[in-house]
Amino acid sequence: MNEKSVSLKKEKIYGPSDYTLNLPLPSCPGCGSPLAGKIVMEALEELGIIEKAVCVIGVGCAGMKFFTTKIDWTLCSHGPSPSVANGIKHGNYDDAIVFTIQGDGDCAAIGAGYLINSAARGDKITIFMLNNTNYGTTGGQMAPTTLIDQVTTTTPQGRDGITHGYPLHVPEMLATIRGVAYSARGSVHNFASYQRTKKYAKLALQKQINGVGLGFLEILTSCPVNWRMEPSKAMKWIERRVVAEYPLGEFKNVDSTTD
Ligand SMILES: Cc1ncc(C[n+]2csc(CCOP(=O)(O)OP(=O)(O)O)c2C)c(N)n1
Ligand code: SF4
């Protein structure tokens, strides 16, 4: 065959999203949070709703990936993201898809009241809570999700349930609230989990598209810096220790919250 007659048609099968800015990620090397953010971005693109997406970023490491995206976002103070998201949903955007990206401290400690009441109202928003088992941004203090015996800067001897309280299982708890249409837990520690978590993210967003009720997804992420581990070890630690406390899967998936 004449070499000149060969025309190579290149088709993009994988690469950076068209909705990502060419900026360095603001996270530490090996952090799992940007992976969780990528899952959400892919879910929005694959559902064809990214153009009308609005992200409410709670203060913390969890949502920093969204600073490098082209979607609409707003930064919210620590805790009230569900209320801010609900306000945007009810405000001037007709068919906006509004979601929060929050850390476990943001969502389940200071923001717990906002979260529970959002669930009770059945807000038509989607909440993504990234669980790295500590307060990442501020230096690795204990969070409600810290594992028993886990060493953090505020539990140097390890978390002790009697003194410090016990790990909080947020999606299991939300599944008991009527206004919640979807509640699940995924993880980024390997590719199979990444893919399954993207499926959960799409289902959580679909509840908002269908106007059913609150969609909630917890995503287990790594924090190698505060865990004092190499990134690859941190992923293994999720698999070995974190999943043992926080099982992966769906806890609620209903098509109506009024039945
Ligand atoms: C009202 C308020 N209280 C405390 C802080 C300080 N603060 C900023 S980020 C943060 C912890 C974030 O931890 P988490 O929500 O788990 O998210 P991560 O950084 O681990 O992703 C805290 C306490 C703040 N910004 N505002
Ligand atoms: S402190 Fe932890 S959660 Fe925050 S960016 Fe670094 S690795 Fe990620």
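This is a predicted model: local features need pLDDT of at least 70, side-chain atom pairs count only at pLDDT 80 or more; totals for chains, interfaces and linings use all residues.
Q: What does the radius of gyration say about the protein chain?
A: The radius is taken over C-alpha atoms, and the globule rule is 2.2 Å times the number of residues to the power 0.38. For 259 residues, a compact globule would have a value near 18 Å. The protein chain has 19 Å, so it agrees with the rule. Its C-alpha atoms fill a box of roughly 75 × 45 × 30 Å along the principal axes.

Q: How many helices and strands does the protein chain have?
A: Helices (H or I, at least four residues) and strands (E, at least two) are DSSP runs, numbered from the N terminus. Here there are 9 helices and 9 strands.

Q: What share of the contacts in the protein chain joins residues 24 or more positions apart?
A: A contact means heavy atoms within 4.5 Å. Take the contacts with a separation of 6 or more: residues 24 or more positions apart account for 70% of them.

Q: Is Val-56 buried or exposed?
A: Buried means under 20% relative accessible area, exposed over 50%, and partly exposed in between (1.4 Å probe, protein chains only). Val-56 has 0% relative accessibility, so it counts as buried. Across the protein chain, 51% of the 259 residues count as buried. Val-56 lies in strand β1. Beyond four places in sequence, its contacts include Thr-74, Val-84, Ile-88 and Phe-99. Ser-81 is also one of them. Val-56 and Ser-81 are 25 residues apart in sequence, and their C-alpha atoms are 6.2 Å apart in space.

Q: Where is Ala-62 found?
A: Ala-62 is in the loop between β1 (53-58) and β2 (72-76). Its relative accessible area is 9%, so Ala-62 is buried. Leaving aside neighbours within four places, Ala-62 is in contact with Ser-33, Ile-101, Gln-102, Gly-103 and Leu-130.

Q: Where is the place of Thr-221?
A: Thr-221 sits in the loop between β8 (214-220) and α8 (224-227). With a relative accessible area of 1%, Thr-221 is buried. Among the residues it touches beyond four places in sequence are Ser-33, Leu-130, Val-188 and Ile-238.

Q: Which side chain does a polar contact join to that of Asn-134?
A: A polar contact is a pair of N or O atoms within 3.5 Å; within protein, one must be able to donate a hydrogen and the other to accept it, and residues adjacent in sequence count only if both atoms are side-chain atoms. Asn-134 pairs with Asn-226 in this way, at 3.4 Å. Asn-134 is found in strand β5 (residues 134-135). At 2% relative accessibility, Asn-134 is buried.

Q: What is the phi of Thr-133, and what is the phi of Arg-228?
A: Most residues other than glycine have a negative phi. Thr-133 has a positive value, near 60°. Arg-228 is positive too, near 55°. Thr-133 lies in the loop between β4 (126-131) and β5, while Arg-228 lies in the loop between α8 and α9 (231-245). Thr-133 is buried at 1% relative accessibility. Arg-228 is exposed at 63%.

Q: Which residues around ligand 1 come nearest?
A: Near means that one heavy atom of the residue lies within 4 Å. Of the 16 residues around ligand 1, Asp-104, Gly-105, Asp-106, Gly-136 and Thr-137 come nearest. A side-chain N or O atom of Thr-137 is 2.5 Å from an oxygen atom of the ligand. For Gly-105, a backbone N or O atom lies 2.9 Å from a ligand 1 oxygen. On its own, ligand 1 has 590 Å² of accessible area, and the protein covers 73% of it.

Q: How do the residues of the shell around ligand 2 divide?
A: Ala, Val, Leu, Ile, Met, Phe, Trp, Tyr, Cys and Pro count as nonpolar, Asp, Glu, Lys and Arg as charged, and the others, Gly among them, as polar. This shell has 5 nonpolar, 4 polar and no charged residues. Its members include Cys-28, Cys-31, Cys-61, Cys-223 and Asn-226.

Technical notes: Residues are numbered from 1 along each chain as its sequence is written. Chains are lettered from A and ligands numbered from 1 in the order in which they are written. Side-chain values use heavy atoms; hydrogens and water are left out. Accessible areas come from the Shrake-Rupley method with a 1.4 Å probe; for residues, only the protein chains shown count as cover.
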